Amino acid sequence: MRITDARVIVTCPGRNFVTLKIFTDEGVTGVGDATLNGRELTVASYLTDHVVPLLIGRDPARIEDTWQYLYRGAYWRRGPVTMSAIAAVDTALWDIKGKVAGLPVYQLLGGRSREGVTVYGHANAETVDEVLEEVARYRDLGYKAVRVQTAVPGLDATYGVSKDKMFYEPADAALPSESAWSTERYLDFVPSVFARVREEFGPDLKLLHDVHHRLTPIEAGRLGHALEPYALTWMEDPVPAELQEGFRLLRTHTRTPIAVGEVFNSIWDCHTLITEQLIDYIRATVVHAGGITHLRRIFDLAALYHVRSGSHGATDLSPVCMSAALHLDVSIPNFGLQEYMRHTPETDEVFPHGYWFEDGYLHPSEEPGLGVDIDEELAARYPYQPAYLPVSRLMDGTVHNW
Ligand code: GCO
Ligand code: MG
């Protein structure tokens, strides 16, 4: 079997997505997600201009060889653009392999390790009273785990809080919007939110919180310590993680579990965090971390050090990424949690998929391959629209981490 064509499809059914579709001489096709929020066209160009020409004529069965060829063969390694492009090719080749074998991809990864994939939803609101209602809504939908974010009093906009409760979309403007940030107000307020939520919902519901890279290690240590009585499942991205060693300091100050990794794109971004047991959950996902092949390598390393998976699953990761993530989630021994932000009905229509939600669990499709596709005709009706993530500034105007 040979690859005859590969197309890069950019579409905006409510938000932008970049998808690679690979075609073969035997009519079998495969899809891979290549979406990089706010930088979509760079990955589309990387694929169209520099990767697609290298795929034509290759044997789609050679997944590892193709991965190494694209990674080592480019000379320039790593980075979100390169790794998202490689991820798209890798994901599409796993899809093809599954279809050729007549098996869902999780069977090729060793088969099921669990009955379903536990997911967490996003409860967010302006006030604590409202967020209690949101948490209750997720609990009533069957969710076993809920991420809780509220507006911080005195700040105009807070990360994670949206008007539309089901379809959170952070890339909200054609040029970046800006919002003000106060670490002092945030640290003062957040513990009181979790005190209320834990009191109301008891010990069983898993609670999570995303700090979104806003703190220093010592500030994060203070927050983690203050949250200990409320037994969070994880505190996410407390500190930007370029300096992996910085987590040693944080770790000595709190027993609140730590989850990091949605912006990581290779095993090298997290090897110190994992091998020194500085984190509890690794949140890398298929589209930004080199596809199923490389993410599995990260999860296998993590398994040796008691670190579990907690893959990113925001709306800017397409249903193609979610499908691939679920096949991995259901098969690996050290699965932890999977983030699940629902896509809009328009997105779901453009990407017909077979995974489904029931009673707090997502289930991968049983169809051969990944069980997801792109409707190219429909996709063409939604042209690309520039959209950026916001920029954050401290009260004195200094650019901070969003
Ligand atoms: C999450 C993330 C997202 C990101 C978004 C950026 O935990 O889901 O932090 O909300 O901000 O994916 O593109
Ligand atoms: Mg996050």
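This is a predicted model: local features need pLDDT of at least 70, side-chain atom pairs count only at pLDDT 80 or more; totals for chains, interfaces and linings use all residues.
**Core packing and a helix crossing**

Setting aside residues within four places in sequence, Ile 22 is in contact with Ile 3, Asp 5, Ala 6, Val 28, Thr 29, Gly 30, Leu 55, Val 89, Ala 92, Leu 93 and Ile 96. Ile 22 also belongs to the largest nonpolar core, which holds 115 residues. Together with Phe 247, Ile 282 and Ile 298, Ile 22 touches the most other members of that core. Helix H3, residues 80-101, supplies the largest share, nine residues. Domain 1 (3-104) and domain 2 (108-367) both contribute residues, so the core lies between them.

Ala 302 sits in helix H10, residues 291-304. Is Ala 302 buried or exposed? Its relative accessible area is 0%, under the 20% cut-off, so Ala 302 is buried. Beyond its neighbours within four places in sequence, Ala 302 is in contact with Ile 274, Ile 282, Val 307 and Asn 334. Ala 174 is 128 residues from Ala 302 along the chain, and their C-alpha atoms are separated by 38 Å.

Helix H10 also meets helix H2, residues 63-72. Their axes come within 9 Å and cross at roughly 90°. The two helices are therefore roughly perpendicular to each other. From H2, the contact is made by Ile 63, Glu 64, Trp 67 and Gln 68. From H10, Thr 293, His 294 and Arg 297 take part. By class, this contact has two nonpolar, three polar and two charged residues.

Definitions and conventions:
Residues are numbered from 1 along each chain as its sequence is written. Chains are lettered from A and ligands numbered from 1 in the order in which they are written. Side-chain values use heavy atoms; hydrogens and water are left out. A nonpolar core is a set of buried Ala, Val, Leu, Ile, Met, Phe, Trp, Tyr and Cys residues joined through side-chain atoms within 4.5 Å. Buried means under 20% relative accessible area, exposed over 50%, partly exposed in between (1.4 Å probe, protein chains only). Helices (H or I, at least four residues) and strands (E, at least two) are DSSP runs, numbered from the N terminus. Domain bounds come from an automatic or database domain assignment. Contact means heavy atoms within 4.5 Å. Axes are lines fitted to C-alpha atoms, for helices over the stretch in contact, and angles run from 0 to 180 degrees between N-to-C directions. Angles under 35 degrees count as roughly parallel, over 145 as roughly antiparallel, 65 to 115 as roughly perpendicular and the rest as oblique. Ala, Val, Leu, Ile, Met, Phe, Trp, Tyr, Cys and Pro count as nonpolar, Asp, Glu, Lys and Arg as charged, and the others, Gly among them, as polar.
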